[in-house]
Amino acid sequence: MPSGSIFRRLPEGGKSALTITFDGEAIEAREGDSVASALLAADRTATRTTPVSGSPRGPYCLMGICFDCLVEIDGVQNLQGCMVDVKAGMVVRSMQGARSVANSSRNDFD
Ligand code: FES
């Protein structure tokens, strides 16, 4: 974990370490982390760019309200990283601009 993160983990016993990838880079997480909290703890504060200006955005509210934590998880775009728990081997990618409908494997209307 980079030492530059402003986020510090509380000492916890019994939480297993696991590894996810973010934009192809291995990130250490712990069982029970949300994707957003794991990324913040690893000093990955920008998880998407805005569709209009391309400005970087990252997790803010950590409770499903702001949508600034949108990421692609295991090929499914536009998921709120703060609402999804990490799993070993999970592949997370930053969202760049608008969601690609053609590449989406998730149908929100089912
Ligand atoms: S951080 Fe606000 S919705 Fe996820």
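Is Asp-33 buried or exposed? I noted that Asp-33 is buried, with a relative accessible area of 9%; buried means under 20% relative accessible area, exposed over 50%, and partly exposed in between, with a 1.4 Å probe and protein chains only.

**Entry 1: basis.** I am working from a predicted model, in which local features need pLDDT of at least 70 and side-chain atom pairs count only at pLDDT 80 or more, while totals for chains, interfaces and linings use all residues. Residues are numbered from 1 along each chain as its sequence is written, and side-chain values use heavy atoms, with hydrogens and water left out.

**Entry 2: fold.** I looked up the secondary structure and found 1 helix and 7 strands, in the order β-β-α-β-β-β-β-β along the sequence. Helices (H or I, at least four residues) and strands (E, at least two) are DSSP runs, numbered from the N terminus. Of the 110 residues in the protein, 36% are buried.

**Entry 3: contacts.** I took contact to mean heavy atoms within 4.5 Å. Among contacts with a separation of 6 or more, 44% are between residues 24 or more positions apart.

**Entry 4: salt bridges.** I applied the rule of a side-chain nitrogen of Lys or Arg within 4 Å of a carboxyl oxygen of Asp or Glu, and the count comes to 4 salt bridges. One of them joins Asp-33 to Arg-9, with the closest N and O atoms 2.7 Å apart. Asp-33 lies in the loop between strand 2 (25-30) and helix 1 (35-41), and Arg-9 in the segment before strand 1 (17-22), so the pair ties together parts that are 24 residues apart in sequence. Arg-9 is partly exposed, at a relative accessible area of 23%.

I next examined Arg-48 and Asp-68, which form a salt bridge with closest N and O atoms 2.7 Å apart. Arg-48 is in strand 3 (residues 48-49) and Asp-68 in the loop between strand 4 (56-57) and strand 5 (70-73), 20 residues apart. Both Arg-48 and Asp-68 are buried.

I also recorded the salt bridge of Arg-93 with Glu-72, at 3.8 Å between the closest N and O atoms. This pair links strand 7 (residues 91-96), which holds Arg-93, to strand 5, which holds Glu-72, 21 residues apart. Arg-93 is partly exposed at 44% relative accessibility, whereas Glu-72 is buried at 15%.

**Entry 5: Asp-33 and Arg-9 again.** I checked the lining of the largest pocket and found Asp-33 and Arg-9 in it, the other residues including Phe-7, Ser-37 and Leu-62. A pocket is an open set of points on a 1 Å grid over the protein atoms alone, where a 1.4 Å probe fits, with protein on both sides within 12 Å along at least five of seven lines; lining residues have an atom within 4 Å of a point.
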